[in-house]
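Let us take a friendly walk through one protein chain, from single residues up to the whole fold. Have the sequence and the 3D view ready as you read.

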Amino acid sequence: MDFNFSENIVLEDDLVLLRPLQKTDVENLLEISINEPNTWEYSLIRANGKENLENYIAIALKARDNKTEFPFIVFDKKSGKYAGSTRFYDMQLSFKTLQLGYTWYGSAFRGTGLNKHCKYLLLQFVFETMGMERVEFRADNNNQRSIAAMKSIGCKVEGVLRNHMPTFGSDVRRDSIILSILREEWFDEVKEDLRKKL
């Protein structure tokens, strides 16, 4: 599968717009970065504070240049504000699989339905345009909010990778929960179930 990492991919509906993340988006996300540092509580790469946010975006853009990730910024049309970020990563195009993650939103956008709109657009693109067979999701097994959000869009739990990776600023290692959606599940049930929730 030939995916063009330099393409300006824009996904949108009446509530949300996703476009490629850019270096200049530091200014668009700075308010959340400064005022809501706990947003990255479960993340190894933090974006709290201007310097960390600049670093976070630089890492994401380098991964896009290296053709391993494709990061988006999320714009909430209802409020007219930038809400957060998400990305495709671990893109194994020859295997027709990728992971969807690094997703975070400011607190004002959580529980508003924004995430379901984003995931609908992203999954539709992944399965119907890119022709992927599997989309994987991972989270810290303690991150109940994230796990609940993934289950609510139709992800199935596959299992837990024990002692999987380090945590930020600690000797404690995290267990990572693995969830996924398969191509046939998208077309058989997940797409319609998710559409009804929008």
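Strands here are DSSP runs of E with at least two residues, helices are runs of H or I with at least four, and both are numbered from the N terminus. Two strands count as paired if DSSP finds at least two bridges between them.

Before going further, note that this is a predicted model, in which local features need pLDDT of at least 70 and side-chain atom pairs count only at pLDDT 80 or more, while totals for chains, interfaces and linings use all residues. Residues are numbered from 1 along each chain as its sequence is written, and side-chain values use heavy atoms, with hydrogens and water left out.

Elsewhere, β2 (residues 16–20) and β3 (residues 70–76) run antiparallel and are joined by five bridges. Within that pair, Leu18 has Val74 as its bridge partner in β3.

Contact means heavy atoms within 4.5 Å.

What fills the inside? The largest nonpolar core has 55 residues, and among those that touch the most other members are Leu18 and Phe137. Helix α3 (residues 114–129) gives the most to this core, with nine residues. Such a core is a set of buried Ala, Val, Leu, Ile, Met, Phe, Trp, Tyr and Cys residues joined through side-chain atoms within 4.5 Å. Buried means under 20% relative accessible area, exposed means over 50%, and partly exposed lies in between (1.4 Å probe, protein chains only). β6 is mostly covered, as six of its seven residues are buried.

Gly131 lies in the loop between α3 and β6 (134–140), and Lys77 lies in the loop between β3 and β4. Lys77 counts as partly exposed because its relative accessibility is 32%. Leaving aside neighbours within four places in sequence, Lys77 is in contact with residues including Glu12 and Asp14, while Gly131 touches Lys96, Val126 and Arg183, not counting residues up to four places away.

| C-alpha pair | Apart along the chain | Separation |
|---|---|---|
| Gly131 and Met150 | 19 residues | 21 Å |
| Lys77 and Ala148 | 71 residues | 24 Å |

The secondary structure comes to five helices and eight strands. Of the 198 residues, 46% count as buried. The C-alpha atoms fill a box of roughly 45 × 40 × 35 Å, taken along the principal axes.
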